[in-house]
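Thanks for coming, everyone. I have one structure to walk through today. Let me put it on the screen.

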Amino acid sequence: MMISYQELVRTFLSLMEGYFEVVKVDRCFFNEQVQNPTLYPLIASIQKHCDKIIIEGIENREHMGLLREVGIWGLQGYLFKSVPFKNVDSLL
């Protein structure tokens with residue numbers, strides 16, 4: 001999915017102004033960026049404005065461990081059974 005620069009700026013401004021309760025990182029984005037050393041600084045930057053981040057596309061325990069270490073609130077992928085969103089806090 002491609003978004004325009006203006007949409008990207010609007011999204012980041014909304015994040016910085018506190019409009020988001022949860023940020024979900026798309027599976028495709030995660031898979032493209034997981035080996036990129038800038039992924040974890042990006043996550044840290046998002047966490048400054050929204051402490052609940054869900055990463056989609058977790059398919060191995062190595063990624064799960066790394067993301068837990070950096071304080072990711074929610075993980076979604078084929079390693080996990082589905083649960084209703086309202087029950088996520090009880091799993092942590």
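**A walk through the fold**

Start with glutamine 33. Not counting residues up to four places away in sequence, glutamine 33 touches Thr38 and Leu39. It lies in helix α2. Is glutamine 33 buried or exposed? It is buried, because its relative accessible area is 19% and the cut-off for buried is under 20%. One caution before I go on: this is a predicted model.

Now the sheet. It is open, it has three strands, and the order is β1-β2-β3 with parallel pairing. Which strands stand at the edges? They are β1 and β3. Each has a single partner strand, so one side of each is left without a neighbour in the sheet. On average, neighbouring strands are turned by 20 degrees against each other, ignoring direction.

Take the pairings one at a time. β1 and β2 run parallel and are joined by three bridges. Here valine 25 stands opposite isoleucine 55 in β2. On to the other pair. β2 and β3, residues 74-76, also pair in the parallel sense, over three bridges. Glutamate 56 has glutamine 76 in β3 as its bridge partner.

Next, the core. The largest nonpolar core has 16 residues. Which of them touch the most other members? Phe30, Ile55 and Leu67 do. Two or more residues each come from β1 (23-25), α3 (39-47), β2 (53-56) and α4 (61-69). The largest share is three residues, and α3 gives it.

Look at leucine 67 in detail. Set aside its neighbours within four places in sequence. Then leucine 67 is in contact with Phe30, Tyr40, Ile43, Ile55, Ile58, Ile72 and Leu75.

Histidine 63 is found in α4. Its relative accessible area is 13%, so it counts as buried. Neighbours within four places in sequence aside, histidine 63 is in contact with Phe30, Val34, Gln35 and Ile58.

On to α3. Leu39, Ile43 and Ile46 are buried there. Down the axis of α3, its buried residues fall within an arc of 60 degrees, so they too line one face of their helix. Among the elements that cover them are α1 (5-16), β1, α2, β2 and α4. Recall that Leu39 is touched by glutamine 33.

Tyrosine 40 also has its place in α3. This one is partly exposed, at a relative accessible area of 23%. Beyond its neighbours within four places in sequence, tyrosine 40 is in contact with Val34, Leu66, Leu67 and Val70. How far apart are the C-alpha atoms of tyrosine 40 and valine 70? They are separated by 7.6 Å, and the two residues are 30 residues apart along the chain.

Last stop: cysteine 50. Where is cysteine 50 found? In the loop between α3 and β2. Its relative accessibility is 3%, so cysteine 50 counts as buried. What is cysteine 50 in contact with, leaving aside its neighbours within four places in sequence? The contacts are Leu15, Phe20, Glu21, Val22 and Val23. Valine 23 is 27 residues apart from cysteine 50 along the chain, and their C-alpha atoms are separated by 7.1 Å.

That is the tour. Questions are welcome.

Key. Residues numbered from 1 in each chain as written. Predicted model: local features only at pLDDT ≥ 70, side-chain atom pairs only at ≥ 80, totals over all residues. Heavy atoms only, no water. Core = buried A, V, L, I, M, F, W, Y, C linked by side-chain atoms within 4.5 Å. Buried < 20%, exposed > 50% of the residue type's maximum accessible area, 1.4 Å probe, protein only. Helix = DSSP H or I, 4+ residues; strand = E, 2+ residues; numbered from the N terminus. Contact = heavy atoms within 4.5 Å. Pairing = 2+ DSSP bridges. Axes fitted to C-alpha atoms, helices over the stretch in contact; angles between N-to-C directions. Arc of directions from axis to C-beta.
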